[in-house]
Amino acid sequence: MNKNCKNYMEWWLEQEKLRTNNGLPVKMALAGINLSVIPQVFLPSPSQTHSTPLLIKNIDHHDFTRKKVLDIGTGSGVLAIYCALHGASLIIATDIDDHILHHAKSNAYLNKVTNIHFMNSNLFESVEGQYDYIFANGPISPEFWSEKKLSGHTILSYGETLFSQYRHYLTDEGVMFMTFAEFGPTESFYKTLQQNSVTYREKREKKFGVWWSFYEIKK
């Protein structure tokens with residue numbers, strides 16, 4: 001890990017420690033969506049991360065009207081809510097913790113959204129059907145995401161499961177969105193993409209001194 005990545009991760013982990021020790025939800029807004037983010041959930045704030053902001057920035061040309069959407073690991077619910085507000089007809093938002101799902105549902109109501117189906121699922125475990133769009137904006141940093149938080153997965157096994165299975169849940173013309181960053185296990189990440197013959201388009205941006213990548217992945 002280079003110096004910039006190390007500095008960013010040390011700072012980010014310190015911010016997370018302060019947030020989780022405080023024990024209170026963080027009130028924030030992103031892309032016009034109001035959120036209350038509990039300590040157990042990843043905070044998608046532009047002041048602390050570029051993953052979720054980068055993803056939202058790069059999907060604004062996609063038409064979600066009457067589309068079917070799957071949001072894996074919904075967390076705060078921000079991406080599912082975004083799709084609902086942009087006309088998606090069916091949205092399935094999953095996570096592995098009922099407490100997190102309850103708060104994501106509260107965020108949906110906060111934004112007057114009622115057409116998201118929140119479901120407990122470990123990756124694709126309980127998912128059925130095919131979707132026009134899949135959001136898989138999952139964990140990047142092994143330093144923060146333990147196997148306990150990932151319901152038995154490591155960062156690497158999460159990626160291996162995702163890339164070996166996603167085609168079963170994507171329509172022929174569908175797209176899967178995700179982000180990654182250079183402080184993650186990038187060599188293994190690209191190796192997994194190659195091993196699973198994943199077709200993708202990548203856009204990179206530098207923020208906090210670190211390179212972040214957005215991916216559009218096809219079937």
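**A predicted fold in questions**

Trainee: With 219 residues, which radius of gyration does the protein chain have, and what would a compact globule have?

Mentor: The model is predicted, so local features need pLDDT of at least 70 and side-chain atom pairs count only at pLDDT 80 or more, while totals for chains, interfaces and linings use all residues. Residues are numbered from 1 along each chain as its sequence is written, and side-chain values use heavy atoms, with hydrogens and water left out. The radius is taken over C-alpha atoms, and the globule rule is 2.2 Å times the number of residues to the power 0.38. A compact globule would be near 17 Å, which agrees with the chain's 16 Å.

Trainee: Which residue in β5 is the bridge partner of alanine 93?

Mentor: Strand β4 (residues 90-95) runs parallel to β5, and five bridges join them. In β5, the partner of alanine 93 is phenylalanine 118.

Trainee: Is arginine 19 buried or exposed?

Mentor: Arginine 19 belongs to helix α1 (residues 3-22). Buried means under 20% relative accessible area, exposed over 50%, and partly exposed in between, with a 1.4 Å probe and protein chains only. At 6% relative accessibility, arginine 19 therefore counts as buried.

Methods. Pairing = 2+ DSSP bridges. Helix = DSSP H or I, 4+ residues; strand = E, 2+ residues; numbered from the N terminus.
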